[in-house]
Amino acid sequence: MTIEEFYNAVGGSYASVKELFLTDERIRKYVLKFKTEGSYQKLMDAVASGEPKAAFEAAHAFKGVAGNIGFTRLFNAASDLTEQLRGSQEPADPQLVEKIREYYAEVQENILKL
C-alpha cells in the first residue's frame, strides 16, 4: 500500500500532509509514529473517568494530533467530541466516542498494511 492509498483508505488528506511533510518517506515516518502515540489512550481513559473537563482536554489534544497528520475523518470525529464537551458538565457522548474508536481502529489497521 502506498502512502496515498493509505490516506484514501482512512479518509485522510494526502495532499495537505504532502504539502507539509514534502516526501512520502517523511509522511510514512510520522504515520508509523502515530501507531504508538499516546493521545488516543489518554482520551479513552479520560472518557472512562466520566470527567467532562479531562475528556475535553484529551479530545482537544487528540484532535490536534489527528489534524497535524492529516487524518481528516478522525480529526472531524475528535472535533465533534471536543465541541460537545466544551464547557459542558455532561460526560462524553457515547456515539461520538464510538465514531472515534471506529476511525482510530481503521487507521491502525491500515498502518499495518504500509
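**Figure 1. The residue that follows helix 2.** In this predicted model, helix 2 is followed by leucine 22, whose phi is positive, near 75 degrees. Leucine 22 is found in the loop that runs between helix 2 and helix 3, and leucine 22 takes this positive phi of about 75 degrees although it is not a glycine. Most residues other than glycine have a negative phi. The relative accessibility of leucine 22 is 56%, and because exposed means over 50%, leucine 22 counts as exposed.

**Figure 2. The two sides of helix 2.** Helix 2 spans residues 14-21, and its buried residues are Tyr14, Val17 and Phe21. These residues cover an arc of only 70 degrees around the axis, which puts them on the same side of helix 2. On the other side of helix 2 are Ala15 and Glu19, both of which are exposed. The cover over the buried residues of helix 2 includes helix 1 (3-9), helix 3 and helix 5 (52-68).

**Figure 3. Phenylalanine 6 and its surroundings.** Phenylalanine 6 lies in helix 1, and with a relative accessibility of 0% phenylalanine 6 counts as buried. When its neighbours within four places in sequence are left aside, phenylalanine 6 is in contact with Met1, Val31, Phe71, Val107, Asn110, Ile111 and Leu114. Among these partners, Val31 also takes part in the contact of helix 3 with helix 7, as do Val107 and Ile111. Glutamate 98 is 92 residues away from phenylalanine 6 along the chain, and the C-alpha atoms of the two residues are separated by 22 Å.

**Figure 4. The packing of helix 3 against helix 7.** Helix 3 (residues 24-34) and helix 7 (residues 94-111) have axes 10 Å apart and pack at an angle of about 125 degrees. That angle makes helix 3 oblique to helix 7, and the crossing of the two helices is left-handed. On the side of helix 3 the contact is made by Val31, Leu32 and Phe34, and on the side of helix 7 by Tyr104, Val107, Gln108 and Ile111. Sorted by class, the contact of helix 3 with helix 7 has 6 nonpolar residues and 1 polar residue, with no charged residues.

**Figure 5. The packing of helix 6 against helix 7.** The axes of helix 6 (residues 72-85) and helix 7 cross at roughly 160 degrees and come within 9 Å. Angles over 145 degrees count as roughly antiparallel, so helix 6 is roughly antiparallel to helix 7. Helix 6 passes helix 7 in a left-handed crossing. Helix 6 makes this contact through Arg73, Leu74, Ala77, Ala78, Asp80, Leu81 and Gln84, while helix 7 contributes Leu96, Val97, Lys99, Ile100, Tyr103, Tyr104, Glu106 and Val107. By class, the residues in the contact of helix 6 with helix 7 divide into 10 nonpolar, 1 polar and 4 charged. Tyr104 and Val107 of helix 7, listed here in the contact with helix 6, also belong to the contact of helix 7 with helix 3.

**Figure 6. Lysine 42 in helix 4.** Lysine 42 lies in helix 4, which covers residues 39-49, and at 60% relative accessibility lysine 42 counts as exposed. Lysine 42 is 27 residues from alanine 15 in sequence, and the two residues are 29 Å apart in space, C-alpha to C-alpha. Alanine 15 is one of the exposed residues of helix 2.

Conventions:
Residues are numbered from 1 along each chain as its sequence is written. This is a predicted model: local features need pLDDT of at least 70, side-chain atom pairs count only at pLDDT 80 or more; totals for chains, interfaces and linings use all residues. Side-chain values use heavy atoms; hydrogens and water are left out. Axes are lines fitted to C-alpha atoms, for helices over the stretch in contact, and angles run from 0 to 180 degrees between N-to-C directions. Helices (H or I, at least four residues) and strands (E, at least two) are DSSP runs, numbered from the N terminus. Angles under 35 degrees count as roughly parallel, over 145 as roughly antiparallel, 65 to 115 as roughly perpendicular and the rest as oblique. A crossing is left-handed if the near helix is turned anticlockwise from the far one by less than a right angle, and right-handed if clockwise. Contact means heavy atoms within 4.5 Å. Ala, Val, Leu, Ile, Met, Phe, Trp, Tyr, Cys and Pro count as nonpolar, Asp, Glu, Lys and Arg as charged, and the others, Gly among them, as polar. Buried means under 20% relative accessible area, exposed over 50%, partly exposed in between (1.4 Å probe, protein chains only). The arc is that of the directions from the helix axis to the C-beta atoms.
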